[in-house]
Amino acid sequence: MNSILIIAHTPLASALKSAALHAFPDAASRVDVIDVLPDQSPESTLDAARQLLAMERSAGRAGTLVMSDVFGATPCNVAQKLAQSAGSTHVKCIAGASLPMLLRAITYWDTPLAEMAEKAVAGGSQGAMELV
């Protein structure tokens, strides 16, 4: 089974996890977050992400889907560095984190990591629509 790591500008990562746990309370142990503070260095964020990834691997997780909020910003850059150092079979990164994306990822975390990432991105894009 896979895990999820959300790296986002504070307080988005924690808020997304909290909202997801409203629908999936049993997911708490498989969703980790890093809320990136305005003055936090990319290096310290990457160190924290590596520590969480190591914990997930020691817990026997097959892979980790890393979700970041904004492409090109520090959380996304950290996610990409994490994936480059861990290998694409163990870590997949996606940007544009949203609640629909996270809920879809949780729904598919028993699938292969690449499929989980694909389903999460689809959930994010399908979750955004003009209503009126």
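Predicted model: local features only at pLDDT ≥ 70, side-chain atom pairs only at ≥ 80, totals over all residues.
**Helices 4 and 5.** From helix 4, I noted Pro100, Met101, Arg104 and Ala105 as the residues that make contact. Their partners in helix 5 include Met116, Lys119, Ala120 and Gln126, and I also found Val121, Ala122, Gly123 and Gly124 among them. Two packed helices are described by the angle between their axes and the distance between the axes. I wrote down the crossing of helix 4 and helix 5 as right-handed.

**After helix 5.** Next I followed the chain into the segment after helix 5 (113-126), where I found Leu131. Is Leu131 buried or exposed? I put it down as exposed, because its relative accessible area is 73%, and exposed means over 50%. Leu131 also belongs to a nonpolar surface patch with Met129 and Val132; together the three have about 440 Å² of accessible area.

**Thr64.** Then I turned to strand 3 (residues 64-68), which holds Thr64. I noted Thr64 as buried because its relative accessibility is 4%, and the cut-off for buried is under 20%. Which residues does Thr64 touch, leaving out those up to four places away in sequence? My list has Ser3, Ile4, Leu5, Leu53, Glu56, His90, Val91, Lys92 and Leu113.

**A cis bond.** Last, I visited the loop between strand 1 (3-9) and helix 1 (12-23), where Pro11 lies. Most peptide bonds are trans. The one joining Thr10 and Pro11 is cis, with omega at about 0 degrees.

Terms used. Residues numbered from 1 in each chain as written. Heavy atoms only, no water. Patch = residues over 30% accessible without salt bridge, like charges linked within 9 Å, V, L, I, M, F, W, Y side chains within 5 Å. Areas by Shrake-Rupley, 256 points an atom, 1.4 Å probe, with all protein chains shown as cover. Salt bridge = Lys/Arg side-chain N within 4 Å of Asp/Glu carboxyl O. Helix = DSSP H or I, 4+ residues; strand = E, 2+ residues; numbered from the N terminus. Buried < 20%, exposed > 50% of the residue type's maximum accessible area, 1.4 Å probe, protein only. Left-handed = near helix turned anticlockwise from the far one by under 90°. Contact = heavy atoms within 4.5 Å.
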